[in-house]
Amino acid sequence: MYTSERLNRQRLLHSHGLRLLFAAAFTALFGAIYERFSFGVWSFWMVYAFLPFLLGGIWLLVLPKRKALPGELFLGLLEPGLVMLTLGSILAGVVEIYGTENRLLSVLPIAGGVLILASAITRVTAARRKRLPKNVIRTTSNIYTHLDYSSKVASANAILSLLGPTEENADLQPEEVQTVVPDAV
Amino acid sequence: MNHRRLRVVWTAASCLLAVLFAGYVLLDTFLIARVKQTAAGSNLSMFSSESRQTLSFQSPQTVQDSEAASPLETQALPAGTENVVYSDENICIAMTQYREYDTDIYVAEVWLSSAQYLKTAFAENAYGKNVTAKTSEIASQCEAILAINGDYYGARESGYVIRNGVVYRDYGSGSTDILCIYADGSFAITNSAESSAQELVDAGFWQAFSFGPGLVENGGITVDQNTEVGKAMASNPRTAIGQISELHYVFVVSDGRTEQSEGLSLYELAAFLQSLGVQTAYNLDGGGSSTMVLMGEVINNPTTGGNRTKERSVSDIVYIGTT
């Protein structure tokens, strides 16, 4: 990754991290006000609804210091996931404080959890790619898979013509190397 | 479209979708009314004419004048005779207001000749979700003499609903205490894990409420100082129903959340019921729902929306009536 691209991505993650921390503060304030007017009836879901944004924000602020920076896909999965988790938590709090139930309450937390898990997978994949860089993979694949057998034979013949006959290849002349495909291949 | 723009569009679309879905869940929870079944009337086959006791209650004035009542009559008559507000050949109701724990508590003591006069009714005469009406409105529709709010079954997705001998919801809610009222008028507190709703009806259950917890059993308090309904605060308006003896009940409603009346904890409510001589008592829906209606008049101060005195709409009521 070029330095300028890396800097851009770091800035992007940093700004999104700060945005999530701001959203966490807003959610915490909302939860506190809602609890204030709930006449003493309280809910864990409402009180801790700010946690997904807070943890997500901290994650995004820590990530730019790492070697491997996640891409757009990571952010595109993480942020909607955090929004769904937070909304689901607030919704569960409202319903619990009122003293009622709804079977649909589990939909948003599950959807949010799946998106966050997917973003975590893209993050892990990016980190692995960083450990085995792209140029190493390309070189290796060129060496082991992209050389065809005929070019190997041509190289061998060229070498033979330059070195001349030796004890080992006394019976061989240039252009006479057998083009037998090895069994292992 | 480059990756960044694609991400922005996707994030905006998915967040909007989540907000819309949350809005739908709120509407589904609080507003969208769904009638699942029209109330099926009462299963009066549970009651035989022989099971009905013959109670000849006297008018309040007669009661006050009577000093030479027979032991049987004395047993049948209310203890606070001067507070009798209604009596006929099958029903007698005495009202008393108490001031305990800085709270106004309204107690209706009820004597019946048969449990068939201890009835329940649904809002709009229909079983469903978000089908609600004020306690006083439901009481008026079924010509209730005395009514209190019920267990607000519509606020929950599970918990047995057996009303007037008919099963409306046959899936329980784990370990929630159920108040069962037998056709002979006796109270029992059981658990949904122990038997199915139909088994309860077959066993002679006339009413079943799923709210709780049970407050008093066999004359002893069954809650501790920390017991609470969900995450509610310690002091609240409360509604409870209890049995003192055969066909002799108390309906209790307390005010709360106001400067005039603090409200009761479940333990205080249980202790108060125990002091009335109750053998079995059960907590019904409280908070803003707590309402008592006597002959068409709301006699407590319901506090919907906090400390605003306003009657809340509920799913169902428990009432005393002849129709």
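## Contact between the chains

Across the interface of chain B and chain A, the rule finds three salt bridges. The model is a predicted one. In one salt bridge, the side chain of A:Glu72 meets that of B:Arg7, with 2.3 Å from N to O. The side of chain B that touches chain A draws its largest share, 17 residues, from helix H1 (residues 3-30) of chain B. Sorted by class, that side of chain B holds 15 nonpolar residues, nine charged residues and eight polar residues.

In total, 31 residues of chain A and 32 residues of chain B take part in the contact. The rule also finds nine residue pairs in polar contact across the interface of chain B and chain A, with both residues at pLDDT 80 or more.

The size of an interface is often given as the accessible area lost when the parts come together. For chain B and chain A, the buried area is about 2,800 Å². Carbon and sulfur atoms give 66% of that area.

## Chain A as a whole

Chain A has seven helices and zero strands. Read from the N terminus, its elements follow the order α-α-α-α-α-α-α.

Of the 185 residues in chain A, 35% are buried. Chain A exposes about 11,800 Å², and 66% of this comes from carbon and sulfur atoms. When contacts in chain A between residues at least 6 apart in sequence are taken, 76% of them join residues at least 24 apart.

## A residue in helix H1 of chain A

Helix H1 of chain A covers residues 3-36 and includes A:Phe26. A:Phe26 counts as exposed because its relative accessibility is 54%, and the cut-off for exposed is over 50%.

How far apart in space are A:Phe26 and A:His14, C-alpha to C-alpha? The two are 18 Å apart by that distance, with a separation of twelve residues in sequence.

## A residue in strand S13 of chain B

B:Ser210 belongs to strand S13 of chain B, which spans residues 205-210. Is B:Ser210 buried or exposed? B:Ser210 counts as buried because its relative accessibility is 3%, where buried means under 20%.

Setting aside neighbours within four places in sequence, the residues in contact with B:Ser210 include B:Asp151, B:Arg156, B:Gly159 and B:Tyr160. B:Thr176, B:Asp177, B:Ile178 and B:Tyr282 are also in contact with B:Ser210.

Methods
Residues numbered from 1 in each chain as written. Chains lettered and ligands numbered in written order. Predicted model: local features only at pLDDT ≥ 70, side-chain atom pairs only at ≥ 80, totals over all residues. Heavy atoms only, no water. Helix = DSSP H or I, 4+ residues; strand = E, 2+ residues; numbered from the N terminus. Buried < 20%, exposed > 50% of the residue type's maximum accessible area, 1.4 Å probe, protein only. Contact = heavy atoms within 4.5 Å. Areas by Shrake-Rupley, 256 points an atom, 1.4 Å probe, with all protein chains shown as cover. Buried area = accessible area lost by both parts, 1.4 Å probe. Salt bridge = Lys/Arg side-chain N within 4 Å of Asp/Glu carboxyl O. Polar contact = N/O pair within 3.5 Å; in protein donor to acceptor, adjacent residues only side chain to side chain. Nonpolar A, V, L, I, M, F, W, Y, C, P; charged D, E, K, R; others polar.
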